[in-house]
Each structure stands twice: as C-alpha cells, then as structure tokens.
Amino acid sequence: MGYLDDEVKRLQSIIDGIEGRVKALETRQSGGSPSKATSEEIRMILIGPPGAGKGTQAPKIKEKFSCCHLATGDMLRSQVAKKTPLGREAKKIMDQGGLVSDDIVIGMIKEELENNQECKGGFILDGFPRTVPQAEGLDAMLRSRNQTLQHAVELQIDDALLVARITGRLVHPASGRSYHTTFNPPKKAMTDDVTGEPLIQRSDDNAEALKKRLATYHLQTAPVVGYYQKTGIWKAIDASQEPGTVWKSLLAIFDGDKAKAGNAGSGILSKLAGRS
C-alpha cells in the first residue's frame with residue numbers, strides 16, 4: 001500500500017505541475033500577466049450586520065485589488081436606471097411591490113462581471129447571498145465562468161455595540177460617505193467634509209428599527225455562514241476593533257492565500273525535481 005500511495009502522490013504532483021504550466025501559458029496567450037490572474041485577483045463575499053464596517057473596508061479592498069464592489073442595492077438601482085433587460089424586469093416586479101428573484105440578482109451579478117471593466121481584478125459582493133439557495137445559485141453561476149469564491153469573510157460584532165454605532169450614524173446621500181456623531185464626527189456639524197452639503201440620518205437608523213433588522217439578519221445569515229464554513233472559505237474578523245486593525249486582519253487573510261500558493265508551488269517543484 002505504501003508504494004501505491006507514493007505513486008499516487010507522485011502522479012498527482014506531476015498533474016498539478018502540468019496544470020500550473022497550462023494556466024500560465026493560457027494567461028500569456030490571452031495577454032494577461034500570471035500574477036494578475038492568480039494572486040492579484042480577488043473573489044470574495046463580505047458578510048456582516050448593518051454597521052459592522054463593510055462600507056469602510058470594501059473601498060480599501062477595491063483599491064488594493066482594482067476590483068469591483070457589488071453592493072446588491074446599488075447594483076439593482078444601477079441596472080434599473082440603465083434600463084437593461086434585467087433592470088426592466090426588476091422594476092416591473094418592484095413596482096408591483098414584489099421581491100426581485102434570486103435568478104434576476106444572480107443574472108445582474110453575472111452581467112457586471114462580464115461587462116464592468118472594474119471587475120477585471122475580481123469582485124467583492126456585499127449584501128448577497130443572504131440565503132443558502134442564493135449561495136448555491138452564486139456558486140453555480142461562477143462555475144459556469146470557471147471561477148470559484150476565494151473568501152467569505154464575516155465581520156462579527158456584538159449587537160449592543162452596533163446599536164451605539166448605528167444610532168449616531170450620519171450619511172452624505174450623494175456619495176455614501178458616512179460619519180458618526182461620537183466616533184467619526186464631521187468637521188462641521190451635520191455637514192459633509194468634502195462638498196459642504198447637509199448630512200442626513202437614515203430613517204431606519206434608530207435603536208428599535210435596528211434591533212428588528214439585526215434579529216432578521218442573524219436568522220438569515222447563520223445558515224449562510226454554515227454553508228461557507230463547510231466549503232472551507234469562511235473566515236471571521238472581530239469588527240469591534242478599530243477600522244485600521246480590521247484592515248490588518250483582512251490583509252492577513254489575503255497574504256495567507258499568497259503564502260499557501262507559494263508553499264504549494266514549491267512542494268510540487270521539489271517533488272518533480274526529486275523525480276527527474
């Protein structure tokens with residue numbers, strides 16, 4: 001049995017090596033750079049309750065990887081405004097007071113990945129999937145594009161702290177910039193630092209509404225977290241920390257990917273070298 005096991009491992013390492021070379025050749029043929037196609041592309045989901053910091057961290061990830069940030073609400077509004085076939089279909093459903101189907105949302109994500117230049121460096125999904133069927137549908141769509149998710153990162157934070165964070169939140173509607181009366185106040189009260197335009201407090205940013213939203217979030221999200229834990233791509237970050245510390249935790253996850261890729265590559269090379 002020992003000889004057979006060794007032989008299987010040897011053949012697997014050769015196959016892995018050949019696959020790596022084929023991918024590199026395909027990348028070169030398509031005019032891309034190997035590093036961009038492998039280590040520098042990101043495909044991830046950000047999971048977290050309202051106020052956990054997704055809106056703070058996503059722009060930093062977007063800048064680092066030159067990728068697109070697909071927040072489902074924004075994407076839906078954009079598709080409706082552009083009057084795409086999916087946007088028109090979604091508008092019809094919303095006008096009748098219905099919920100847009102999973103298939104439509106997944107179709108919109110696919111359309112963004114195919115047509116949005118920002119998505120060449122990968123994507124961050126924010127606000128989707130919220131259910132296990134949505135997660136399964138997303139995986140199926142990505143498989144059809146020969147892609148898989150790399151990370152499902154959950155920003156974890158205590159509900160009581162979230163209530164304190166959210167009830168003091170102020171927003172600049174045009175840009176989405178957010179402030180906080182206690183933790184991150186604007187330079188001038190109720191005024192956006194960049195444009196000087198007035199800030200607003202969203203109508204649902206109050207303690208009672210937030211507690212209802214959090215109860216719904218936990219009910220919906222627990223099975224989705226379980227789904228990604230089983231696939232092995234789930235990671236949790238303590239989102240009660242300073243935003244800079246949360247960012248360092250995210251960087252550690254991304255750097256861990258590079259280290260694993262490097263170790264796998266060196267293992268294959270050493271095995272092949274030993275057999276040559």
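## Stop 1: a core residue

Select methionine 44: its relative accessible area is 0%, so methionine 44 is buried (buried is under 20% relative accessible area, exposed over 50%, partly exposed in between, with a 1.4 Å probe and protein chains only). This is a predicted model: local features need pLDDT of at least 70, side-chain atom pairs count only at pLDDT 80 or more, and totals for chains, interfaces and linings use all residues. Residues are numbered from 1 along each chain as its sequence is written, and side-chain values use heavy atoms, with hydrogens and water left out.

Methionine 44 sits in strand S1. Strands (E, at least two residues) and helices (H or I, at least four) are DSSP runs, numbered from the N terminus. Now show what surrounds methionine 44. Leaving aside neighbours within four places in sequence, its contacts include Ile61, Phe123, Leu149, Leu250 and Phe254. Contact means heavy atoms within 4.5 Å.

Zoom out for a moment. The chain has 10 helices and seven strands. Of its 276 residues, 36% count as buried. Among contacts with a separation of 6 or more, 70% are between residues 24 or more positions apart.

## Stop 2: aromatic pairs

Rings of Phe, Tyr and Trp (its six-membered ring) pair if their centres lie within 6.5 Å; planes under 30 degrees apart count as stacked, over 60 as edge-to-face and the rest as tilted. How many aromatic pairs does this rule give? The count is two.

Select phenylalanine 65 and phenylalanine 254. Their rings are edge-to-face, 5.1 Å centre to centre with 85° between the planes. The pair links distant parts of the chain: phenylalanine 65 is in helix H3 (residues 54-65), phenylalanine 254 in helix H10 (residues 243-275), and they are 189 residues apart. Phenylalanine 65 is buried at 4% relative accessible area. Phenylalanine 254 is buried too, at 4%.

Next, select tyrosine 227 and tyrosine 228. Their ring centres are 5.0 Å apart and their planes stand at 85°, so this pair is edge-to-face. Tyrosine 227 is buried at 17% relative accessibility. Tyrosine 228 is buried at 1%.

Lysine 64 lies over the ring face, 5.4 Å from the ring centre. The test for a charge over a ring is NZ of Lys or CZ of Arg within 6 Å of the ring centre and within 35 degrees of the ring normal.

## Stop 3: helix H8

Select residues 159-166, helix H8. Leu162, Val163, Arg165 and Ile166 are buried there. They span an arc of only 165° around the axis, so they lie on the same side of H8. The arc is taken from the directions from the helix axis to the C-beta atoms. Which elements do the buried residues of H8 pack against? They pack against strand S5 (169-171), strand S6 (178-180) and helix H9 (207-231).

Look at the N-terminal end of H8. Aspartate 158 caps it, with a side-chain oxygen 3.0 Å from the backbone nitrogen of alanine 160.

## Stop 4: the annotated lid

Select residues 169-204. UniProt, in an unreviewed entry, places "domain: Adenylate kinase active site lid" here; such annotations may be inferred rather than shown by experiment. The segment is 0% helix and 17% strand, and its end C-alpha atoms are 11 Å apart.

Pick histidine 172, in the loop between S5 and S6. Is histidine 172 buried or exposed? Histidine 172 is buried, at 2% relative accessible area. Its side chain makes a polar contact of 3.4 Å with that of threonine 195. A polar contact is a pair of N or O atoms within 3.5 Å; within protein, one must be able to donate a hydrogen and the other to accept it, and residues adjacent in sequence count only if both atoms are side-chain atoms.

## Stop 5: annotated binding positions

The unreviewed UniProt entry marks a "binding site" at positions including Gly51, Arg169, Ser178 and Gln241.

Select glycine 51, in the loop between strand S1 (42-47) and H3. Beyond neighbours within four places in sequence, glycine 51 is in contact with Leu162, Arg165, Ile166 and Arg169.

Finish on glutamine 241, in the loop between strand S7 (234-238) and H10. Glutamine 241 is partly exposed at 27%. Its side chain reaches the backbone oxygen of aspartate 238 at 2.7 Å.
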